[in-house]
Amino acid sequence: MDLFELADDDLTLPENEPGMQLYLDSADPADWERFLPLGVFRGVTTNPVLLERAGQPCTMENIEDLTRQAVEAGCGEIHLQTWGRTATEMINHGSQLALMAGLGIEVLVKVPATETGLRVAEKLAASGCRITLTGIFNPGQVLLAAGFDADFAAPYLGRLNDAGRHGMAAVLKMHDILISTGSTTRLLVASLRSADQVIELASQGLDTFTIGAPVAADLLTEKLTDDAAADFQRAAETMGGASS
Ligand code: G3P
């Protein structure tokens with residue numbers, strides 16, 4: 001496959017839209033089938049570690065198959081991460097990933113925000129790819145992502161905390177940089193470990209998150225709502241609304 005086979009029509013470049021954008025951070029089709037029909041998620045994000053966790057081969061053939069499954073599950077946008085030992089390998093893989101747009105889905109190519117990664121991202125962007133710079137751990141990298149004009153910059157909150165840094169403060173500073181400079185790069189917070197982290201960041205104005213299945217399930221869990229729903233059904237049946 002050749003990146004330059006991409007038709008102009010494949011290269012839509014939407015402006016940043018206001019409002020909440022939630023993504024499912026999983027390469028497991030079972031997660032997609034469970035959560036995408038809820039209509040809550042704009043798309044899915046994946047990377048080689050998520051493929052490994054899902055027992056999915058990191059091959060172009062399998063990623064193409066997975067992308068087809070994502071489309072069938074109703075996914076409108078997928079972030080696929082390139083890989084490779086050299087910039088050339090990463091550009092080649094990224095170009096092939098971008099072509100998955102031909103399956104009828106918006107594709108963003110994820111590239112780690114290393115120096116090599118930026119060189120790779122620049123080549124891919126120059127060929128019309130939309131880019132998510134990923135594996136971001138400090139506000140300076142967000143400044144670079146904004147300078148690059150990346151579509152998304154993905155900080156890893158949980159891993160920041162694991163490394164003994166103040167993850168929440170760092171992510172909030174990243175948000176401030178993008179908002180105060182009027183950047184079009186969108187902060188896509190990843191490596192979230194709980195619904196409370198998402199809620200806390202959202203209450204401070206962050207609006208774009210990619211969450212794994214456990215956090216998605218956590219957000220969906222509210223016993224009082226389940227109790228209220230059961231009470232509604234009981235009342236409906238008491239008042240003549242029994243199922244026929
Ligand atoms: O997308 C981010 C994810 O792959 C890393 O998160 O779960 O290893 O902290 P985690």
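Me: On what basis are residues numbered and values computed here?
Reply: Residues are numbered from 1 along each chain as its sequence is written, and side-chain values use heavy atoms, with hydrogens and water left out. Because this is a predicted model, local features need pLDDT of at least 70, totals for chains, interfaces and linings use all residues, and side-chain atom pairs count only at pLDDT 80 or more.

Me: Is strand β1 mostly covered or exposed?
Reply: Strand β1 spans residues 21-25; strands (E, at least two residues) and helices (H or I, at least four) are DSSP runs, numbered from the N terminus. Gln 21, Tyr 23 and Asp 25 point one way and Leu 22 and Leu 24 the other way, all of them buried (under 20% relative accessible area; exposed is over 50%, partly exposed in between; 1.4 Å probe, protein chains only). With 5 of its 5 residues buried, β1 is mostly covered.

Me: Which residue of β8 stands opposite Leu 24?
Reply: Two strands pair if DSSP finds at least two bridges between them. β1 and β8 (residues 208-211) pair in the parallel sense over 4 bridges, and Gln 21 stands opposite Thr 208. Both faces of β8 are covered, with Thr 208 and Thr 210 on one side and Phe 209 and Ile 211 on the other. The residue opposite Leu 24 is Ile 211.

Me: What is the handedness of the crossover from β1 to β2?
Reply: β1 runs parallel to β2 (residues 43-45), joined by 3 bridges, and Leu 24 has Val 44 as its bridge partner there. The chain passes from β1 through helix α1 (residues 29-35) to β2, and this β-α-β crossover is right-handed. A crossover has that hand if, with the strands pointing away from the viewer, the path from the first strand over the helix to the second runs clockwise: right-handed.

Me: Which residues touch the most other members of the largest nonpolar core?
Reply: A nonpolar core is a set of buried Ala, Val, Leu, Ile, Met, Phe, Trp, Tyr and Cys residues joined through side-chain atoms within 4.5 Å. The largest one holds 59 residues, and apart from it lies another core, of 5 residues, among them Tyr 23 and Phe 152. In the largest core, the residues touching the most other members are Leu 133, Leu 187, Val 189 and Phe 209.

Me: How far is an oxygen atom of the ligand from an N or O atom in the side chain of Ser 191?
Reply: Residues surrounding the ligand include Asp 25, Asn 47, Arg 53 and Ser 191, where a residue counts if one of its heavy atoms lies within 4 Å. Polar side-chain atoms lie 2.8 Å from a ligand oxygen in the case of Asn 47 and 2.7 Å in the case of Arg 53. For Ser 191, the separation is 2.5 Å.

Me: What is the relative accessible area of Ser 191?
Reply: Ser 191 is found in the loop between β7 (186-187) and α9 (195-203). Although not a glycine, Ser 191 has a positive phi of about 55°. Ser 191 is buried, with a relative accessible area of 14%.

Me: What is the relative accessible area of Asp 149?
Reply: Asp 149 lies in the loop between α6 (139-148) and β6 (152-155). Its phi is near 70°, a positive value in a residue other than glycine. Asp 149 is partly exposed, with a relative accessible area of 48%.

Definitions and conventions: Polar contact = N/O pair within 3.5 Å; in protein donor to acceptor, adjacent residues only side chain to side chain.
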